[in-house]
Amino acid sequence: MKKLGFGLMRLPLLDKNDYSSVDVERVKKMVDQFMENGFTYFDTAAPYHQGNSEVAFREAVVKRYPRMAYTITDKLSLFMIRDRSDFPAFFDSQLERLGVDYVDYYWLHGLGGPSCRQAEEWGAFQFVQNLKAAGKVKHIGLSFHDKAALLDEILTRHPEMEYVQLQLNYLDWEDATVEARKCYEVAYKHRKPVIVMEPVKGGSLVNIPEEAHRLFHGYAPDRSDASWAIRFAASPANVMMVLSGMSDEAQMEDNISYMAKFQPLNEDEQEIVAQAAEIIKASITIPCTACRYCVDDCPKKIAIPDYFAIYNNLKRFGGPQGMVARTYYGNLTQAHGKASECIKCGKCEQHCPQHLPIREYLKDVAGELEG
């Protein structure tokens, strides 16, 4: 199986102001181009395009290609379900929208601290196992948005999970909040192949600082900035698939140009990507080095550097990161004080080697990520 998957989360629209208005005719053309080049893996979920991502898949793929010609992934989105008794109806509605009798890969969607507890309490792990036993899904796993330690706990408790879908890109590889490298290493330790989501960080690694662009262009003038991000994500040995949320024909053509005959990054390219990541990080809003000296004496146990990392990602990359940023923030606040709970004692600033106005920054974080 080739390593590029078609993520059906950001499809072309008939009306740019209506997320549900998928342009199915354009999707058909993109699907044909995708499959003509030997790619077969598609990824969707009920929330994408308000259910119309699944419908577009049915119209563009299921009705036009034999069942064995493609692979489809879907997800049990707990945040859309009111009660565990609704699981069967939710899954059946997905099969109906997809137009298939079974799903190749089925994930518990976007697990983090709160949703993991919900999945345990509601028996979601057992539910997807039952679907597999009944032949309604072929493989089960989870998509994950949280710390590596929690992923390790989940995979230790649930060795039946076959795959892990992770946010992995060169900017998040060493990020203190996303912990992409650490999560990848946990999956590798548990011998779970990785499917990559957000390799270009919601399109953000296409719109990079000019200095980083020149660095890439100087080494390979004919390659797109996106190609560096996707090839980085596809290079680790335990990565089975990289999803790209292609929104138009040009993105499809670009992705195919370097993934049809994929070559992992060489040592020189890895070094260039590392340099580009540092350039991008230098453009961040809050120049926090995550030394964590500010954390120990905080009476409210506020995860200051982690919140700053989330805030920086949101301010640097804008809209595409909004939902993801709030998800990570919500996960962290389950075990730490919120930014708005700062009592302005100033102990954090006394310990900060960068002499940052932390209390003011926490007000900014609260304004963006709470409420």
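Q: Which helix gives the largest share of the lining of the second largest pocket?
A: This is a predicted model. In the model, helix 12 gives the largest share of that lining, with seven residues. Helix 12 spans 304–317. Helix 7 (180–189) and helix 11 (267–281) also supply at least two residues each.

Q: What is the volume of the second largest pocket, and how many residues line it?
A: The volume is about 580 Å³. The lining has 24 residues. Nearest the centre lie Asp175, Ala176, Lys281, Cys288 and Ala309.

Q: How does the lining of the second largest pocket divide by class?
A: There are 13 nonpolar residues, three polar and eight charged.

Q: How much space lies in the largest pocket, and which residues are closest to its centre?
A: The largest pocket holds about 960 Å³ of space. It is lined by 44 residues. Closest to the centre are Met9, Arg10, Tyr48, Glu198 and Met323.

Q: Which elements give two or more residues to the lining of the largest pocket?
A: Both strands and helices do. The strands are strand 4 (103–111), strand 6 (163–167) and strand 8 (239–244). The helices are helix 4 (113–122), helix 9 (225–234), helix 10 (249–259) and helix 13 (322–333).

Q: How many residues of the lining of the largest pocket are nonpolar, polar and charged?
A: The lining has 20 nonpolar residues, 19 polar and five charged.

Q: What describes two packed helices?
A: Two values do: the angle between the axes and the distance between the axes. Now take the case here. Helix 2 (residues 52–62) packs with helix 3 (residues 87–98) at about 40 degrees. Their axes are 7 Å apart. That angle makes helix 2 oblique to helix 3.

Q: Which residues make the contact of helix 2 and helix 3?
A: Helix 2 brings Glu54, Val55, Phe57, Arg58 and Val62. Helix 3 brings Gln94, Glu96, Arg97 and Leu98. By class, the contact has four nonpolar residues, one polar and four charged.

Q: What describes a pair of aromatic rings?
A: Again, two values: the distance of the centres and the angle of the planes. The count for this model comes to 21 aromatic pairs. One of them is Tyr41 with Tyr105. The rings are 5.7 Å apart, centre to centre, with 50 degrees between the planes. The pair is tilted.

Q: Where do Tyr41 and Tyr105 lie?
A: Tyr41 is in strand 2 (residues 41–43), and Tyr105 is in strand 4. The pair therefore ties together parts that are 64 residues apart in sequence.

Terms used
Residues numbered from 1 in each chain as written. Predicted model: local features only at pLDDT ≥ 70, side-chain atom pairs only at ≥ 80, totals over all residues. Heavy atoms only, no water. 1 Å grid on protein atoms, 1.4 Å probe; cavity = no way out; pocket = protein on both sides within 12 Å on 5 of 7 lines; lining within 4 Å. Points joined across faces, edges and corners; volume = space filled by probe spheres on them. Helix = DSSP H or I, 4+ residues; strand = E, 2+ residues; numbered from the N terminus. Nonpolar A, V, L, I, M, F, W, Y, C, P; charged D, E, K, R; others polar. Axes fitted to C-alpha atoms, helices over the stretch in contact; angles between N-to-C directions. Parallel < 35°, antiparallel > 145°, perpendicular 65-115°, else oblique. Contact = heavy atoms within 4.5 Å. Phe/Tyr/Trp six-rings, centres within 6.5 Å; stacked < 30°, edge-to-face > 60°.
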